[in-house]
Structure formats: C-alpha cells, structure tokens
Amino acid sequence: MLATQRHAAILQAVLQKSAARITELSDMLNVSEMTIRRDIESLADQGLVEKVHGGVTAIAKKRMAVEPPFQSKSLREQLSKDAIAARASLEITPGSSIALMGGSSVFAVAKLAVTIPGLTIVTNSLPVSDLFNREGQLNQTVVLTGGLRTPTDSFVGDIAVQAFGMLNLDLVFMGTHGMDVKGGFSTPNLHEADTNRAVIAKTRKLIMVADHTKWGEVGFSTFAKLEDADLLVTDSGIGQDAAKILKETVGELAIVET
C-alpha cells in the first residue's frame, strides 16, 4: 500500500471516529506501528490531524490553520474537504500527469499528492505551486501556468488556456463554485470558466471535488455539465435527493462520511 493510500485511510478513520489508536491503525492497515507513527507525523505536519499519546485525533475547528498563503476560503467545511481529498487522491498513481486547479478543495488534494512519486503536476494555482516547491519531491515536475490572477490566487484567461491546450493529462482535479441540475458546474468568473473548459478538453478523466454546500448554487458561467464529471467526490451532507440525481448523472459518485 502506498503512503498516500495509508494517509487517506488514516484520515478517513479519524474523521469517522474523531480519534484512533496507533495499534488499531497498525492492525487495520497491516503495517508496523513505526510506519503508522511516521504517517501520523506527516499528516500532522500538513495540519490534517493532531498527534496525541498513543494515537491521533481530529483537529478542533478552532485550531485549524488557514490554507497558506490564501485566506479567501473559510474553514467552514474543512473537515469535509479533507475527507473528500482523501478519497479523490486515491485516483492518483505514481508517474501520472495531473492538473490541480485553483480553490481550497483542490488544495486539500494537493496536500496529499506531494507524497506521490514521479508526478507531473500542471497547475494554475499559486498556493499549489508553492506547496510543491516547499514539500514536493525531487522526482516530481511542477508546471505553473501564467495568466490573470484571481482573488483566490489562481491564474486564468488566454495565457492559461493556451498553456493547457498544449498538454495531455491523465487526471484533472477541479473544484466548483456551484453544482446544479440546470446550471451544471459553474463559476462567477468568465475567465476561470474558459480556463476550466480548456483543461477539461485535454484530460482522460475529470475528477470534481465539491462539498455539499455547493449543491444548488449557480455561478454566472457554466464550464461543464454534471455528466461531464467522470468522478464527483462529495460529502454525506449532500442529502438523499441530490445524491440520487448525481448518481444518475455523473460518471461515478463517491460520498465520504464526515
């Protein structure tokens, strides 16, 4: 089992029960307690869990760190986003080429992707680029596009569109301002919509990451229909009616418990 898969499993266990013992995690994942301690250390360094004597706990909301260096997204749904990221990151295999787009949900995926070797990462997100610069591996390649800078520190517009148009990607991880039956996946920024459409056209698999608060929201510009998502990862707050609609519409729906 890869380190990122163990991290995802540990995070999910902690989110479900609020705490877990090292011995329990060792038995569950069939690895040594020393390996679990190292995994917990890594997750704690990323601000995803808190180390305690003999185990690990979920971080209290009041103690969570704001995603550096941007603060435009609140910590309102951070636990959900971390759980969503844990599931979404399982799609990444070593050596693949992926796009990590802007936004706090995708940033949560990036915090787990830094542990996966051999990746080629293309991003329009300054925070994601900074993260890999600080914590990424020497065998990873990171390409940061240029363009117009948004309030969430993403680069969009013609330059970003041209950059993504030259590439072929295995996976794209993308967040959204809103998701709706009629409005699809949308954003209030026209340039961001153009950029998103450009990268969607160049990937084998589109993975949308969106917590339940995005359901029913409609931004000014639609960049994709619901059925364009090969995989949508959301959280259990989505509601039964919405989950039924999404299950019948997107390629695959994954709902994480929070």
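This is a predicted model: local features need pLDDT of at least 70, side-chain atom pairs count only at pLDDT 80 or more; totals for chains, interfaces and linings use all residues.

Reply: Residues are numbered from 1 along each chain as its sequence is written, and side-chain values use heavy atoms, leaving out hydrogens and water.

Me: Why is the pair of phenylalanine 185 and phenylalanine 223 called stacked?

Reply: A search of the whole structure finds one aromatic pair. Rings of Phe, Tyr and Trp (its six-membered ring) pair if their centres lie within 6.5 Å; planes under 30 degrees apart count as stacked, over 60 as edge-to-face and the rest as tilted. Here the centres are 6.5 Å apart and the planes are at 25°, so the pair is stacked.

Me: What makes phenylalanine 185 and phenylalanine 223 count as buried or exposed?

Reply: Buried means under 20% relative accessible area, exposed over 50%, partly exposed in between (1.4 Å probe, protein chains only). Phenylalanine 185 has 0%, so it is buried. Phenylalanine 223 has 6%, so it counts as buried.

Me: How do you know that strand S2 and strand S3 pair?

Reply: Two strands pair if DSSP finds at least two bridges between them. Four bridges join S2 (residues 49-52) to S3 (residues 55-58), and the strands run antiparallel. Lysine 51 has valine 56 in S3 as its bridge partner.

Me: Which residues is isoleucine 92 in contact with?

Reply: Contact means heavy atoms within 4.5 Å. Leaving aside neighbours within four places in sequence, isoleucine 92 has contacts including Ile98, Val109 and Phe173.

Key: Helices (H or I, at least four residues) and strands (E, at least two) are DSSP runs, numbered from the N terminus.
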